[in-house]
Amino acid sequence: MKAKNFVKYALLYLILGIGAVFMIFPFFWMITGGFKTSQEISAFPPLLFPSHFNLKNFEFALETAPFAKYFANSVIVTISSVTLSTLTTILAAFAFSRLDFKGRDTIFALLLALMMVPFEMIVITNYRTIINMGLLNTRLALIIPFTSSIFYTYILRNFFVSIPDSLYKSAKIDGCSNWQYLWKVMVPMARPSLVTIILLNGIAAWNSFFWPMLVTNTSAARTLPFGLYAFMTEGGARNEYMMAAATIVVLPMMILFLFARKYIVTGVSKGGLKG
Amino acid sequence: MKITIEGLTKKFGEVVAVRDFDAVIEKGQLVCLLGPSGCGKSTMLYMLAGTEAATSGKIYFDDEDVTYMAPEDRGVGLVFQNYALYPHMTVLQNICFPLEIQKVPKAERIKRAKEIAKLVQIDEYLHRKPSQLSGGQQQRVAIARALVKKPRLLLLDEPLSNLDARLRLVMREEIRRIQQETKVTTIFVTHDQEEAMSISDSILLMKDGEEQQSDAPQVLYDNPINAFTANFLGVPAINNIYGYVKDGKFHTHDNSAIIEHEACKKAPEGRKLAFAIRPESVELSDVKANFKAYLVHTYAMGKEELSYMNVGTTEIRGYLPNGTEVDKEYNIRLKDKGVFIFDEETGERYA
């Protein structure tokens with residue numbers, strides 16, 4: 001019995017271990033690559049660790065491309081779009097779960113149907129809209145299309161629906177308005193869901209590449225991922241610089257993940273959320 | 001506060017939940033809305049609270065017409081069956097919540113919440129979350145939250161049904177005590193007649209959205225207006241022997257037994273009737289008997305025995321002295337109290 005269990009767990013951990021190595025190795029290669037010299041990075045057989053950790057590549061990356069500017073843009077765009085979309089998500093979820101208005105469920109079903117339309121299709125119309133609004137090459141162009149999310153509204157609405165009616169009635173009798181009930185009862189109760197939504201949304205906004213590539217041509221409004229791409233083409237094929245730059249781009253999200261791992265994992269497994 | 005209900009009706013589409021309901025509830029009373037599931041008693045409660053709008057009719061609090069008043073302006077406290085506590089708040093925050101909404105200053109809020117917590121005896125648990133409390137404690141918190149804003153009327157929806165049997169006894173005494181200490185007019189809904197009988201000043205008995213009878217519990221028990229009231233109140237339930245009256249005597253439908261009783265004179269001949277006897281209204285008799293019964297078996301209850309006996313082909317239950325021998329026929333005499341004759345079809349009481 002014990003031996004059988006041992007074999008079972010050994011196999012399980014072996015498979016998981018291999019999976020983990022596959023997942024972690026690219027990150028490892030990226031981070032150590034950032035510290036290597038150009039000889040070391042193209043050495044054969046490959047070196048796992050640089051001979052000594054020098055920060056020259058990072059300095060070069062930060063000097064050549066305006067990564068500080070990109071970083072600031074990324075922070076501004078991520079915070080604004082997450083704040084706005086969380087706000088609209090909360091309000092819409094409340095309306096679709098608590099308020100009684102004509103056609104509520106029809107409108108909601110229509111919105112859900114829109115989720116079937118792939119992002120790439122909406123891109124063209126969104127692009128036209130941004131141009132017509134004269135927002136090309138601005139941070140607003142990166143924020144406005146992402147100020148609402150049907151998917152997160154759906155997730156939050158389902159949570160709101162599960163809150164018993166009696167809580168609402170009880171609050172009503174105490175003289176609580178809808179607005180107060182939303183912020184004092186529903187939102188605090190939905191905190192775990194909301195944290196997950198904010199985190200996943202934040203990661204998506206931070207990592208967003210395709211849309212920024214379309215609407216930003218100058219460094220003034222570029223965010224980190226597209227900035228990195230631009231650096232790659234502008235700075236030539238120097239792998240050690242690229243690794244350093246990539247590390248700068250990914251680092252904030254990795255730190256965020258380490259702190260908020262609990263929420264992301266439970267959110268993804270329980271809420272049926274996907275990134 | 002005195003509550004007057006006039007012709008109150010509530011329809012959900014075609015379904016009538018409450019029909020033309022009249023009632024007066026006196027100030028400071030503990031009144032129970034009693035009835036089987038689906039009789040409209042909770043709907044009544046929610047109309048008083050204002051969370052359900054009445055279809056027609058009027059509700060007055062004292063002389064004020066509150067029929068169309070918003071729930072928050074009525075000054076009522078409502079305790080839900082599932083307590084409806086806010087799970088993310090502590091006990092203290094839960095109790096403070098109604099005052100917070102009313103913008104009562106924080107220091108006063110906490111002072112009042114603590115006073116009321118003491119009254120319902122949960123002052124030790126002020127900093128716990130509801131999930132860390134037992135059902136009885138959650139119930140106390142819910143009552144405290146309803147009382148903290150000093151309501152004119154306290155409404156309780158099936159307050160004891162989520163508790164286990166022992167706790168139910170404790171909490172019903174508690175509700176009675178809290179009500180008497182605060183003297184707030186209280187209406188509570190239950191389907192448990194024992195609960196209703198034991199703590200209320202007055203019972204409003206409902207069936208199918210209509211009022212059956214409204215009076216003090218003992219009056220309802222001793223003097224039911226119809227067969228429904230008689231059958232609904234009392235454990236063990238009242239015995240019904242079905243038959244008809246002919247020549248001043250009650251015959252069962254299959255003519256297997258005859259009951260001679262003066263009440264038979266008040267019942268019309270030619271109607272299907274129910275001769276109803278409370279279990280405690282039977283006694284053994286050597287001389288003058290109302291009917292004969294064959295004792296089948298008995299259960300010891302301490303003071304007396306609960307006995308199952310056959311009157312003709314009908315089995316009835318009654319309390320007989322300890323040691324009464326089974327498998328024998330006895331002469332049974334009926335006491336003055338607890339004997340009624342109802343119409344089998346309409347439930348109307350004849351005697």
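**Close-up views of chains A and B**

**View 1. The interface between chain A and chain B.** In this predicted model, 14 residues of chain A are in contact with 17 residues of chain B; two residues are in contact if their C-beta atoms, placed from the backbone, lie within 7 Å. Helix 9 (165–173) and helix 10 (178–189) of chain A are the elements that give two or more residues to the side of chain A that touches chain B. Helix 9 of chain A gives the most, with six residues. Helices (H or I, at least four residues) and strands (E, at least two) are DSSP runs, numbered from the N terminus. By class, this side of chain A has seven nonpolar, four polar and three charged residues. Ala, Val, Leu, Ile, Met, Phe, Trp, Tyr, Cys and Pro count as nonpolar, Asp, Glu, Lys and Arg as charged, and the others, Gly among them, as polar.

Residues are numbered from 1 along each chain as its sequence is written, and chains are lettered from A in the order in which they are written. As the model is predicted, local features need pLDDT of at least 70 and side-chain atom pairs count only at pLDDT 80 or more, while totals for chains, interfaces and linings use all residues.

**View 2. The two domains of chain A.** Chain A is divided into domain 1 (1–54) and domain 2 (66–270), with bounds from an automatic or database domain assignment. Their C-alpha centres lie 33 Å apart. Eight residues from domain 1 of chain A and seven from domain 2 of chain A take part in the contact. On the domain 1 side, helix 1 (2–35) and helix 2 (38–41) of chain A each supply at least two residues. Helix 1 of chain A gives the most to that side, with four residues.

**View 3. A six-stranded sheet in chain B.** This open sheet has the strand order 6-7-8-3-9-10, with mixed pairing; two strands pair if DSSP finds at least two bridges between them. Strand 6 (76–79) and strand 10 (210–215) of chain B stand at the edges with a single partner strand each, so one side of each is left without a neighbour in the sheet.

**View 4. Strands 9 and 10 of chain B.** Strand 9 (residues 202–207) and strand 10 of chain B run antiparallel and are joined by five bridges. B:K207 of chain B stands opposite B:E210 in strand 10.

**View 5. Surroundings of B:L48.** Not counting residues up to four places away in sequence, B:L48 touches B:I59, B:V76, B:L153, B:L155 and B:I187.
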